[in-house]
Amino acid sequence: MARMIGTLLIENLDRQTPRSALVNNMPGSFLKFSICKNSSRHLFIIGVALIFALVAPAIRAANDQPPILPLDQVKPGMRGVAYTIFAGDTIEPFNVEVVGILPNLMGPKQSIILVQLHGDKAEHTGVVAGMSGSPVYVDGKLMGALSLKFGVFVKEPLAGVTPIEDILSIPTGESGSGTKTLSVRSTQNDNDNAQPAAAGGAVFMASAGNSPHYPVPAKLAQAAGASGDAYLEPIATPLVFSGFVPTALRQYAGNWTPYGMVATAGGTAPAASDDAKIVPGDMVSMVLVQGDISMSAACTVTAVTDNRVYACGHPLFGLGASNMPLARGRTLTTLASDFNSTKIVNAGGVIGTLTEDRLTAVMGRIGPAPQMIPVELTMVTPAGEKQFHAEMISNPKLTPLLMGIIAFNGLTQNTAYGEGSTMKLSGDIDIGGHSPVSLEDMYAPTDQFVPDGTFVASSVQNTFTRIFSNPYEMPKINKVSLRVESTPDRRVASILNAWSEMSEAQPGDPVTIKVLLRPYRGTPVIREVPITIPPQVTRGSTLRVQVSDADSLNRIPNLVAAQGRLGGLDQLISLLNRERRNNQLYVTLLKPTPTLLVEDKELPDAPLSQINVLDQKRLPGNSALLRESAAGEWSVRMDEIISGSTSVFIKIK
């Protein structure tokens with residue numbers, strides 16, 4: 001009976017504080033209980049323990065929080081213990097000492113506790129990337145989570161702690177809860193010993209591309225042994241890449257810097273039966289991509305309440321409400337560096353869903369994982385065919401970037417990949433409830449000092465950006481299928497000139513347009529494109545024959561779409577699918593009559609009366625007016641990318 005009650009108490013406390021902290025913070029009477037089994041006092045203790053075991057869950061359900069130390073009770077000089085993992089699955093303690101309070105450092109009522117870390121490992125590594133979220137306890141009460149560190153090239157064991165009240169107050173997504181504040185802070189200054197914030201407010205954003213900097217008052221900086229112009233910044237988050245070539249990491253590293261990410265090589269760990277049994281101090285990984293390649297961001301767990309997991313102590317991307325897989329993190333080791341010490345973390349089995357990404361923490365729920373977007377990429381080269389399979393999260397800001405990285409990595413990690421190759425892209429983007437978006441284009445190498453795969457990846461990324469940034473509805477991507485065929489030479493041709501042997505023609509006459517093309521480092525060639533003058537054209541008028549590449553024809557419709565003038569996502573998809581392809585030579589016959597563009601439709605030969613009505617009302621936001629109308633369009637598929645534009649004029653007799 002006594003053993004059973006003791007187990008109940010440990011399991012009840014185990015999800016609130018690290019296992020290693022239980023013995024240290026356990027009341028003396030409880031320790032005696034495990035030693036003197038036959039003492040008469042045990043009947044009393046057993047009764048108390050039994051009552052506590054039965055009542056504690058109800059108390060926790062009512063309070064829904066671990067024992068916390070409110071910010072208004074935090075004083076300089078207080079000593080406590082923080083918990084994190086340096087290697088393996090062992091949660092290790094290290095001592096901390098409160099230096100002071102930085103009120104409103106991150107915004108109104110968003111204060112930070114400045115602490116100094118003590119202990120051999122903490123002093124050797126300093127504040128480590130991946131340590132953010134490490135819980136800090138004072139007298140057995142949870143004070144907050146490590147979240148900030150001093151700037152680059154400062155390995156001082158000094159850190160900022162996000163108060164636990166701010167962490168637990170983020171939205172939980174429960175109906176009727178709104179923003180659930182579990183402990184009320186004093187309405188007066190956060191702390192009588194608080195130091196004034198730097199002049200001009202708490203937050204100072206560094207130059208574009210850097211994480212935010214928060215200046216530390218000189219008095220506190222000196223007390224902590226730092227320079228007078230010291231500043232705090234979010235502890236870096238390890239962004240672990242597995243299956244990615246170094247070229248891909250270098251190409252896209254700058255995209256993650258503004259979020260305080262540090263790219264590291266890592267891998268994945270097999271799912272284990274205890275993956276979901278996490279406690280404060282454990283590591284969790286937020287999965288962005290999984291499959292043949294993987295990407296995940298790692299943080300330390302601050303608190304576990306019921307099925308809710310709080311971690312990081314700062315935002316991951318600041319997305320607000322989120323929906324990405326939450327996995328167990330397995331720490332391989334910690335690398336100490338004067339520049340930026342970091343944990344090397346593998347993502348383990350998925351244990352739930354990250355639902356909140358807020359200023360003071362991220363929160364996830366233990367349970368089912370969210371649905372991801374399957375991606376299939378086939379790379380065809382003279383050496384053979386290779387396929388890659390992956391899944392990525394669905395998010396308007398991140399999915400286009402992730403798609404670009406997946407495409408670029410799939411191209412460049414192929415053993416047959418080489419610079420100087422022309423690539424032909426084809427594929428489909430399956431969108432729920434809508435027609436699929438078809439992809440087809442060619443991409444040739446250039447003399448720019450960038451990898452050739454960049455152009456394919458950027459094009460795919462741009463298409464996803466256009467889909468996700470549409471102002472009409474949130475798209476649901478069911479699947480992405482891409483196929484890239486690589487040819488080892490530069491296949492491009494420029495339009496030099498065009499002409500017709502007939503300067504005059506009658507309605508219904510056939511006319512041959514001759515186009516002079518110059519292939520890259522090749523001999524100019526002439527291509528003939530037969531066209532027909534429409535029977536209904538007006539005699540005495542002059543028609544313009546435009547010989548062009550795809551971009552020249554796509555420019556105006558895309559401008560209409562960019563200005564949000566379409567009627568919905570269906571119209572955007574229709575426009576994307578009707579875009580001309582860059583490996584075709586286009587000949588367009590244009591009449592000197594206006595064309596009205598309405599949403600995704602072209603209305604040639606618009607009547608003057610209709611134009612006048614629209615002009616009086618001013619053209620609606622979904623319309624545009626062109627001064628010419630297309631009387632016909634012809635194209636010739638080429639085995640190279642066409643660029644350039646020129647015109648030929650034909651008078652109608």
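Strands β24 and β25 form a hairpin with five residues between them. Strands here are DSSP runs of E with at least two residues, helices are runs of H or I with at least four, and both are numbered from the N terminus. β24 covers residues 510-519, β25 covers residues 525-532, and eight bridges join the two in antiparallel fashion. Two strands count as paired if DSSP finds at least two bridges between them. Within this pair, L517 has V525 in β25 as its bridge partner. In the turn, R521 has a positive phi of about 55 degrees.

This is a predicted model, so local features need pLDDT of at least 70 and side-chain atom pairs count only at pLDDT 80 or more, while totals for chains, interfaces and linings use all residues. Residues are numbered from 1 along each chain as its sequence is written, and side-chain values use heavy atoms, with hydrogens and water left out.

Positive phi turns up elsewhere. Most residues other than glycine have a negative phi. N104 has a phi near 55 degrees, a positive value in a residue other than glycine. N104 sits in the loop between β2 (91-102) and β3 (112-118). D306 is not a glycine either, yet its phi is positive, at about 55 degrees. D306 lies in the loop between β12 and β13 (308-311). N104 is partly exposed, with a relative accessible area of 36%; D306 is also partly exposed, at 41%. The classes are buried under 20% relative accessible area, exposed over 50%, and partly exposed in between, with a 1.4 Å probe and protein chains only.

P270 belongs to the loop between β10 and β11. With 69% relative accessibility, P270 counts as exposed. The C-alpha atoms of P270 and R330 are separated by 10.0 Å, although the two residues are 60 apart along the chain.

The largest nonpolar core has 72 residues, and W256, L288, M295, M392 and M403 touch the most other members. Such a core is a set of buried Ala, Val, Leu, Ile, Met, Phe, Trp, Tyr and Cys residues joined through side-chain atoms within 4.5 Å. Helix α9 (residues 399-412) gives the most to this core, eight residues. Leaving aside residues up to four places away in sequence, L288 touches, among others, L239, W256, M295, F317 and M392. Contact means heavy atoms within 4.5 Å.

An open sheet of five strands runs β23-β33-β26-β27-β31, with mixed pairing. β23 (504-505) and β31 (629-637) stand at the edges, each with a single partner strand, so one side of each is left without a neighbour in the sheet. β26 (residues 542-548) and β27 (residues 584-591) pair in the antiparallel sense over five bridges. S548 stands opposite Y586 in β27.
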